[in-house]
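The following note sets out a number of points on the structure shown below. Each point may be read beside the sequence and the model.

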Amino acid sequence: MPTQTNSKTFKLSHLFAACLLPFASTAIAETVNVYNASDLQNALKNAAAGDEIIVNPGTYIGSKGSSTSGSSKAHFYSSKSGTASNPITVKSKWKGNKQSLKGSSVDSGYILYLTGDHWVIKDLKFDTAQKGIMLESASNNTLNNIEVSNVGAEAIHFRYFSSNNTLSNCYIHNTGKRTGQEGFGEAVYVGTHDGHTSSKLDNSNNNRIGGCSIGPNITAEAFDVKSGTSGTVIESNYINGEGIIGTSGDPAADSFIDLKGTDVIIRNNIMDYNGDNNFSHGIFTYQEHRNSNIYDNQITLGTSMATFKLLEETVHAKNNVRLDGGTKVVD
């Protein structure tokens, strides 16, 4: 006898299959729990928009390489991007128990290397590598409630056209740990060093740093804003200057902030040299600098030290208070 088709079953099965079709090519955001370095490296390499990567208590000592982190430069790396409405988030499981992402030596690599957009990195610690967090061609990212320490050079670097990033509520200390290389131990570095020229411009623009505690033992400047960048905002930070290398370093570092970029806003910061006589002045503007607004800051230096050293004079300064009683404004 010929087999008869159950028309009701046929129609329902095809309807069910049809309902699944629109979702077949759509990535679904995931919550990914990780417990060790390998878990985290895989989660970063495979992240998709909207994913939330939860870093549970564990040991996170990353290793560099294409088969591990995905990058020869970094212990932890991702090139993936989220979106404005669905960023990729990486955070400790508990805000009050920050997990530490580590390298193996202050002489080697970046702890976290990010080349994607729309990430939220929060509630984490980063330590023990040559550099802390490196953002390259990475924009619209948020770094919040993080700690970076024990690095050979700079702690956090925005470069290669990394724009519209926000760094907030951070704690940065103990940088420049390589002997003889202390002059490279900035806390936050914006742009690219190419000497003191404007021929190679890195338009890493409109990056904002606020609410951070910086120092002690930042061996170079707390902030170094390079030529070619614009729109950097530095606000409401506390800088403890104890431990800067001074003029004995190569390169030298003897100010809280070095400015070579333009249209910078520096406001509502507290800058305290904490008795470290390796300071010569508070804020240094180089020839490449074009324009800055610097106001409502509280500055403590040695009374004979100047608030500013200006090689380019377009600085709009107002209501900057010297708490030490020093009256020398410009060197």
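**Notes on the model**

1. The side chain of Arg322 has a polar atom 3.0 Å from the backbone oxygen of Met305. A further backbone oxygen, that of Lys328, is reached by the side chain of Arg322 at 3.5 Å. Both distances, like every value in this note, come from a predicted model.

2. Arg322 belongs to strand β29, which spans residues 321-322. Is this arginine, Arg322, buried or exposed? Its relative accessibility is 13%, and the limit for a buried residue is under 20%, so Arg322 counts as buried. When neighbours within four places in sequence are set aside, Arg322 is in contact with Ile299, Leu301, Gly302, Thr303, Met305, Ala306, Thr307 and Lys328. By contrast, a separation of 24 Å lies between the C-alpha atoms of Arg322 and Ile172, two residues that are 150 residues apart along the chain.

3. The confidence of the prediction should be kept in mind. The average pLDDT of the protein is 91, and 90% of the residues score at least 70. Over residues 1-25, however, the pLDDT is below 50. Beyond near neighbours in sequence, this stretch has one contact in the model.

4. Helix α2 covers residues 37-45, and its buried residues are Ala37, Leu40, Gln41, Ala43 and Leu44. Why do these residues lie on the same side of α2? They cover an arc of only 165° around the axis, and this places them on the same side of the helix.

5. The largest nonpolar core has 66 residues. Which residues have the most contacts inside this core? They are Leu40, Phe126, Ile156 and Leu167. Helix α2 gives the most to the core, with four residues. Leu40 is in contact with Val34, Ile53, Val55, Tyr60, Phe76, Val90 and Leu101, leaving aside its neighbours within four places in sequence. There is also a second, separate core of five residues, among them Ala74, Tyr110, Tyr113 and Met134.

6. How many aromatic pairs does a search of the whole structure find? The search finds four. In the pair formed by Tyr77 and Tyr113, the ring centres are 5.1 Å apart and the planes stand at 35°, so the pair is tilted. This pair links distant parts of the chain, with Tyr77 in strand β3 (residues 74-78) and Tyr113 in strand β6 (residues 110-114), 36 residues apart. Tyr77 counts as buried at 16% relative accessibility, and Tyr113 is buried with a relative accessible area of 8%. Together with Tyr110, Tyr77 and Tyr113 form one aromatic cluster.

7. The last point concerns a loop residue. Asn141 is placed in the loop between β9 (131-136) and β10 (142-144). Its relative accessibility is 1%, so Asn141 counts as buried. Not counting residues up to four places away in sequence, Asn141 touches Leu114, Gly116, Asp117, His118, Trp119, Leu135, Asn164, Asn165 and Thr166.

Notes. Residues numbered from 1 in each chain as written. Predicted model: local features only at pLDDT ≥ 70, side-chain atom pairs only at ≥ 80, totals over all residues. Heavy atoms only, no water. Buried < 20%, exposed > 50% of the residue type's maximum accessible area, 1.4 Å probe, protein only. Helix = DSSP H or I, 4+ residues; strand = E, 2+ residues; numbered from the N terminus. Arc of directions from axis to C-beta. pLDDT = per-residue confidence, 0-100. Contact = heavy atoms within 4.5 Å. Core = buried A, V, L, I, M, F, W, Y, C linked by side-chain atoms within 4.5 Å. Phe/Tyr/Trp six-rings, centres within 6.5 Å; stacked < 30°, edge-to-face > 60°. Polar contact = N/O pair within 3.5 Å; in protein donor to acceptor, adjacent residues only side chain to side chain.
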